[in-house]
Amino acid sequence: MSVPPAVRLAVLAGGALVLGGAAALSLGGLREGDRPEADRPTAAAAPSPPSRAGAPPPGGMEARALGFRLLTLADPGEVLAGMDALARAAEQGDVEAQVSLGRIYLKGLPSVPKDAARARAWLLRAAPSQHPSAAYFLGVMSQNGDGVTADPAEAVRWFEIAARGGSPDAMFLLANAYRAGAGVPRNDRRAVELYESAGEREHPAALQALAMAYRYGELGLEPDEAESRRYTMEAEHAIQHQQAPP
């Protein structure tokens, strides 16, 4: 069966800057469809879901690739076969499979209804490994009240774990929290540090935040038009080279 063209992956809670005098940051909701074409996983980059009973479950990055691919498929048979393979790998303790299942249940598919409770359960199974993606999505769920009571402090705790694991998306949302004093005492210097760390990893929204902060003298920074232009140019470059979602 031919594989339908890949569609945009969901980018959960990546956030976007509202360019304006206050440079307000969008902290709520799930951002979907913001990744460029080059970062969409293609059918050739991922294994086909098992088509026969008894096939060995995927593991490691193979499970991750399968999880990404399932987010692009519309055929119920292929999706359900892939979900079965991921579930078998996840039950055997494969962390990438657990994270993939968490992402899929968090987003939902035409043949796999969104299930926040099941998503959280799988992500929590992966959490002891300090997997940055598991921590990131658990933070997003705590921030948005998705399947749990919204808890900014709990969101910060998860984002800290994900940020230590190198997730630029978590760094960005954690910087937003320090900037707003949401779940953590307000700390502009810490927010700038996190925006810079995310920016070094080519996170466009973090670079935009720094550009606006230098333009308007926010976050304890002195207005600096040259720095603002530099970060704006870096943000435009980063948009063309955005990384895959967590």
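**Notes on the core, the rings and the charged pairs**

1. Start in the middle: the largest nonpolar core has 66 residues, and M83, L86, I104, Y136, F159 and Y195 touch the most other members. A nonpolar core here is a set of buried Ala, Val, Leu, Ile, Met, Phe, Trp, Tyr and Cys residues joined through side-chain atoms within 4.5 Å. Buried means under 20% relative accessible area, exposed means over 50%, and partly exposed is in between (1.4 Å probe, protein chains only). In soluble globular proteins, nonpolar side chains tend to be buried together.

2. A quick word on the model. It is predicted, so local features need pLDDT of at least 70 and side-chain atom pairs count only at pLDDT 80 or more, while totals for chains, interfaces and linings use all residues. Residues are numbered from 1 along each chain as its sequence is written, and side-chain values use heavy atoms, with hydrogens and water left out.

3. Have a look at I104. Leaving aside residues up to four places away in sequence, I104 touches G67, L70, L71, M83, L86, L109 and V112. Contact means heavy atoms within 4.5 Å.

4. Now the rings: there are four aromatic pairs in the structure. Rings of Phe, Tyr and Trp (its six-membered ring) pair if their centres lie within 6.5 Å; planes under 30 degrees apart are stacked, over 60 edge-to-face, and the rest tilted. Y136 and F159 make a tilted pair, 6.2 Å centre to centre with 40 degrees between the planes. Y136 is in helix α5 (residues 132-144) and F159 in helix α6 (residues 152-164), so this pair ties together parts 23 residues apart in sequence. Helices (H or I, at least four residues) are DSSP runs, numbered from the N terminus. Y136 is buried at 0% relative accessible area, and F159 is buried at 1%. Ring pairs also link Y136, F137 and F159 into a cluster.

5. Y214 and Y231 are a stacked pair, 5.8 Å centre to centre with 10 degrees between the planes. Y214 sits in helix α9 (residues 204-216) and Y231 in helix α10 (residues 225-239), 17 residues apart. Y214 counts as buried at 13% relative accessibility, and Y231 is buried at 9%. The charged end of R230 sits over the ring of Y231, 4.4 Å from its centre. For that label, NZ of Lys or CZ of Arg must be within 6 Å of the ring centre and within 35 degrees of the ring normal.

6. What does R157 do? R157 lies over the face of W158, at 4.4 Å from the ring centre. R157 also forms a salt bridge with E154, the closest N and O atoms being 2.9 Å apart. A salt bridge is a side-chain nitrogen of Lys or Arg within 4 Å of a carboxyl oxygen of Asp or Glu. E154 and R157 are three residues apart in helix α6, so about one helical turn separates them. E154 is partly exposed at 22%, and R157 is partly exposed at 40%.

7. The structure holds 13 salt bridges. One of them joins R190 and E160, with the closest N and O atoms 4.0 Å apart. That pair links helix α8 (residues 188-200) to helix α6, 30 residues apart. R190 is partly exposed at 27%, whereas E160 is buried at 17%. E160, R190 and E193 are linked in a network of salt bridges.

Notes: Helix = DSSP H or I, 4+ residues; strand = E, 2+ residues; numbered from the N terminus.
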